[in-house]
Amino acid sequence: MSEIILQVSDLTMNFGGIKALDTLDFEVCSGEIVALIGPNGAGKTTFFNCVTGIYTPSSGDVYLHKPGGEGRTRLNGMKPNHVAEKGMARTFQNIRLFPKMTVLENVMIGRHCRSKSFILGAIFRDKKTRAEERSIVDYSYALLEKVGLASQVNELAANLSYGAQRRLEIARALATEPFLLLLDEPAAGMNPQETAKLVKLIRRICDEGHAVLLIEHDMKLVMTLSDRIVVMDYGRKIAEGTPAEVRTNPEVIKAYLGEDD
Amino acid sequence: MFPLKEFKKSLLVALWFVALTFPLMVIQVDPIERIVNWRWNNMFFVAIGSFVLSVVGKAFFARKEQQLSKKRTAQNEEVQDTIFQRVLREPRYLWPISLACLAFAIAFPFLFSTYQTNVMTTALMYVVLGLGLNIVVGLAGLLDLGYVAFYAVGAYSYALLNHHFDLGFWTVLPVGGILAAFFGIILGFPVLRLRGDYLAIVTLGFGEIIRLVLENWNEFSMGPSGIANIDRPGLFGLDLSLNMSILYLYYLMIFFLIITIFVVNRLQDSRLGRAWVALREDEIACQAMGIDKTKTKLVAFSLGAFWAGIIGVVFAAKTTFVNPASFTFLESAIILSIVVLGGMGSIVGVICGAFILILLPEYLRALSEFRMLAFGGILVLMMVFRPEGLISNVRRVYQFKKNDRGEK
Ligand SMILES: Nc1ncnc2c1ncn2[C@@H]1O[C@H](COP(=O)(O)OP(=O)(O)OP(=O)(O)O)[C@@H](O)[C@H]1O
Ligand SMILES: [Mg+2]
């Protein structure tokens, strides 16, 4: 059984005169991998920013519903850190790691909203704080093993290769224990081997119970991974469906896939 | 290997220097005899000095460039740590070194004169101030140019409470710290959205506002004439002689310093400390990972201010006199230089920075009028050759055994 975990209706975002998002509605259900595609400047990243609280949308509604939980939360105008606490985490198109922190510390930051210790705990380092620190380290290390960075835990994030940085961003986002993971062009800049590994990783993340919404320009990846594809152009949704449906949709071919005609 | 062109450039630099320093170094007007002394030999010193420095500097940069390009070609090569960093990372060395430093610090008053002890106490105060500002600037990355305001809050809270209500040093110490922390929050709120230069300007203004209020609100702070006859710190009601109370203050500062190092070290290596560093590195990513930006920044501001407040109280007790002239922008600038020179975010770096910046001018007195010039020169050289500070921050290393997670 799958239930709607993210519901977006009538979402609009204006930048001065530009309508970056224009009455967009769609939803993501639990356990599925949804791809959001569209030509450059279609408004995909803007959509992520509106949903995660980095921008406040001009109008429309965004609701998040925790699977198995009761009630849903309206996300409009909520601060990014609260959105992360509610269970939605993201990566960034232009990688935004903490370059001068180690790989492990980067992931440990993701644990911040799931841990509590504060000034006094830090100074006196009581039993509870020590236990918490330990669990933060263990949890983060386990995530790094999962994304294949366990051998580089103490490396500075800035020294990682491009592909590794993208995987580290995924690990960091996973550390916040999201039920919905938003990936903004996770395969950009990766070579074919890395992309193949990434596909496996995303599959695994989905199998472990996280729903995934991803923006991607690599059509092969999109077609193999996604259960459902949403196509955007000029801030509007122009098509939606299974990969097979989208591939044959004339609107889409006109706007995006068939750039050659 | 060193091209002629570079020599020519250095020669030009030397000529420029001679021209620029000509009125200062060569011409000396004697107003009594009404004659002008032409000190031509100074001109040669300047010419030779600047030429040599320029050549050495150019050679150094050329070498550095070479090393850099070599490093770039040889990829995957381990980045070479400095000796300092390797020592710091090794607890085997760290403990004996710290113990030796502590022993020296304790023996210091018996080895040197009272004057030296007094100077050392001042230096220790700046170490603590530096460590406090390090939380705000080094860790959280918030460029605060008004730090001296909190120092003033601490000093005046002791001065006023002592003057009006006869409250003792130990009673006011926490009060001063907490008041300063409160002011930290007051400053924090309006500047939460600002970063970098803008933040620097607003904090600078804040520091000046506090000073101007103290200077002009006569009924409250007694204006520019300040508050005198503040009590020295008490020791169980004993009557201490001047020499004894200097000694007492010195050991008090050692004690405060140890506590500060302990606390800052623990903060640095905690959930909160990591959040500060992350905030410094990337604010948006930080928020997207669930860190409350507002709370984290305010805590950094108020904790940093707390140390300034504490040291402010100590300052008032040490000098037994406060007036607004002690809390000018120059003071903020010196504390900031300590943090930047020592190495942002590094405790050992800040300690070294404070000792160098406070003791150097003291011991450069031998150079009399050139002391500030030499001081400035050293600062500039530092920033050219080691922009990351004397000792750069080392991130903590975690050890994992295969198939067994956890810290070793
Ligand atoms: N902060 C902003 N201010 C003004 N305009 C913006 C802002 N952010 C995005 N835009 C505009 O909104 C439109 C959509 O941009 P967006 O980054 O969402 O595109 P995208 O679909 O992610 O493209 P790409 O595939 O290149 O990443 C663009 O025209 C862009 O110029
Ligand atoms: Mg984009």
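**Reading a ligand shell, a buried arginine and a loop**

Colleague: Which helix of chain A gives the most to the shell around ligand 1?

Modeller: Helix α1 of chain A, residues 44-51, which puts in 3 residues. Helices here are DSSP runs (H or I, at least four residues; strands are E, at least two), numbered from the N terminus. This is a predicted model, where local features need pLDDT of at least 70 and side-chain atom pairs pLDDT 80 or more, while totals for chains, interfaces and linings use all residues; side-chain values use heavy atoms, without hydrogens or water. Residues are numbered from 1 along each chain as its sequence is written, with chains lettered from A and ligands numbered from 1 in the order written.

Colleague: Okay, which residues come nearest to ligand 1?

Modeller: A residue is near if one of its heavy atoms lies within 4 Å. There are 13 around ligand 1, and A:Asn40, A:Lys44, A:Thr45, A:Thr46 and A:Gln93 come nearest. By class, the shell has 7 polar, 4 nonpolar and 2 charged residues.

Colleague: How should I read the polar side chains there?

Modeller: Look for pairs of N or O atoms within 3.5 Å. A:Thr46 has a polar side-chain atom 2.5 Å from an oxygen atom of ligand 1. For A:Lys44, a polar side-chain atom sits 2.8 Å from a ligand 1 oxygen, and an N or O atom in the side chain of A:Gln93 is 2.8 Å from an oxygen of ligand 1. The protein buries 65% of the 630 Å² that ligand 1 exposes when taken alone (Shrake-Rupley, 1.4 Å probe).

Colleague: Over in chain B, is B:Arg274 buried or exposed?

Modeller: Buried means under 20% relative accessible area, exposed over 50%, partly exposed in between (1.4 Å probe, protein chains only). B:Arg274 is buried, because its relative accessible area is 3%. You'll find B:Arg274 in helix α11 of chain B, residues 271-281. Beyond four places in sequence, B:Arg274 has contacts (heavy atoms within 4.5 Å) that include A:Met101, A:Glu105, A:Glu133, B:Gln268 and B:Tyr398.

Colleague: And what does the UniProt record place on chain B?

Modeller: An unreviewed entry puts "transmembrane region" at several stretches, including 167-189 and 245-264; such annotations may be inferred rather than shown by experiment. In the model, residues 167-189 of chain B are 91% helix and 0% strand, with end C-alpha atoms 31 Å apart. For 245-264 of chain B, it's 100% helix, 0% strand and 28 Å.

Colleague: Where is B:Pro224?

Modeller: In the loop of chain B between α9 (218-221) and α10 (242-268). Its C-alpha atom is 29 Å from that of B:Asn243, 19 residues apart along the chain. Setting aside neighbours within four places in sequence, B:Pro224 is in contact with B:Glu215, B:Asn218, B:Asn323 and B:Pro324.

Technical notes. Polar contact = N/O pair within 3.5 Å; in protein donor to acceptor, adjacent residues only side chain to side chain. Nonpolar A, V, L, I, M, F, W, Y, C, P; charged D, E, K, R; others polar.
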